[in-house]
Amino acid sequence: MSNTNKALLAAFCGNTIFGFSFLATRLILDRASVFVLLSTRFVLAFIIMNLLALFGVFKLNFKGKPLFKVILLGIAQPIVYFICESYGISFTNSSFSGTLIAMVPIFAIFFAALFIREKFTLSQLLWGVCAVLGVVVISVGGADSSPVTPAGVILLIIAVAAGAMFNVLSRITSKDFSAFERTYVMFALASVVFTVCAFVETKGNLPFVLAELLPEAKFIIPMIFLSLFSSVIAFMLLNYATTYIAVRQSSIFSCWTTVVSIFAGILVLHEPFGGIRQVIGSLLILVGVYMVSIKGDARNK
């Protein structure tokens, strides 16, 4: 299998895992706040990364490398993205936020053209819009009518920009850092920032909060999934993907996450099926993702 096909498969698998992460997140948020969740998730993920390095599964080598670039990557994702997405959703509604977050691939296409001179054709852009339109069709039909505030819109736009920049920065830093090294720095920064935020949020009572939560199976089981699968494995897969394929190809798979999350909710949580709207939206996503993934050049290494 060529590096390009491996990268496409990695992007597909990583975003499939992200699709299931919404279930785990929903279960945990019934018991814990956002920053307690994020702190625990990325601290555990960082511990796993260190164990992998300690036992020689992956190697770390930062000597003489441009660390500021990979630090920017870690700031964009997961720090800025997760914070702005979480609060942006709370200040808007699920339909609006889902639609706006779906714009990440479109932003990524233009950011890649601007920052790394990655060219795209009108055909590639239109197929990308097709996938995004599928998310819009699914999201707009929701019943959530909560108000949309200007603060929420601004926060979600920042989240979209951060998500798009993650794809671009991961592509840029892949020249100097392995997928493991990039993911390692991301989790190191996230574990520190989110833990500080969790301490502030809990007014210094984070250890006591965790002491109550960790023995609960309904907290620790989904948390293990988020830390190991949806963090370590999924982000390493995405960082691997950006090494070999164009940004427009790696980023468009984020639309596939919506399809997975819908059917995971139906199968696992027995959520109501949205009927023809969800079918049409899912088909638009599948066609758009497929067409973008087979069109365009890739970096061969």
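Which residues form a nonpolar patch on the surface, and with about how much accessible area together? This is a predicted model, in which local features need pLDDT of at least 70 and side-chain atom pairs count only at pLDDT 80 or more, while totals for chains, interfaces and linings use all residues. Residues are numbered from 1 along each chain as its sequence is written, and side-chain values use heavy atoms, with hydrogens and water left out.

**Stop one: the nonpolar patch**

Select F263, L267, V268, F273, I276, V279, I280, L283 and L286, which form the patch and have about 850 Å² of accessible area together. Areas come from the Shrake-Rupley method with a 1.4 Å probe, and for residues only the protein chains shown count as cover; a patch takes residues with over 30% relative accessible area and no salt bridge, joining nonpolar side chains (Val, Leu, Ile, Met, Phe, Trp, Tyr) within 5 Å and like charges within 9 Å. The elements that give two or more residues to it are α12 (254-268) and α13 (276-294), and α13 gives the most, with five residues. Helices here are DSSP runs of H or I with at least four residues, numbered from the N terminus. Within α12, pick out L267, which is exposed at a relative accessible area of 66% (exposed means over 50%, buried under 20%, partly exposed in between, with a 1.4 Å probe and protein chains only).

**Stop two: R182**

The side chain of R182 does reach the backbone oxygen of F177, at 3.2 Å. Leaving aside neighbours within four places in sequence, show the residues in contact with R182 (heavy atoms within 4.5 Å): V70, L73, S170, T173, S174, F177, N239, T242 and T243.

**Stop three: backbone geometry**

Most residues other than glycine have a negative phi, and most peptide bonds are trans. Against that background, select Q77 and P78, whose joining peptide bond is cis, with omega near 15 degrees; P78 sits in helix α3 (residues 67-90). Then go to the loop between α5 (104-115) and α6 (122-140), where R117 is found, with phi near 55 degrees and an exposed position at 63% relative accessibility. Finish at K203, in the loop between α8 and α9 (206-213), where phi is likewise positive, near 55 degrees, and the residue is exposed at 76% relative accessibility.

Key:
A polar contact is a pair of N or O atoms within 3.5 Å; within protein, one must be able to donate a hydrogen and the other to accept it, and residues adjacent in sequence count only if both atoms are side-chain atoms. A salt bridge is a side-chain nitrogen of Lys or Arg within 4 Å of a carboxyl oxygen of Asp or Glu.
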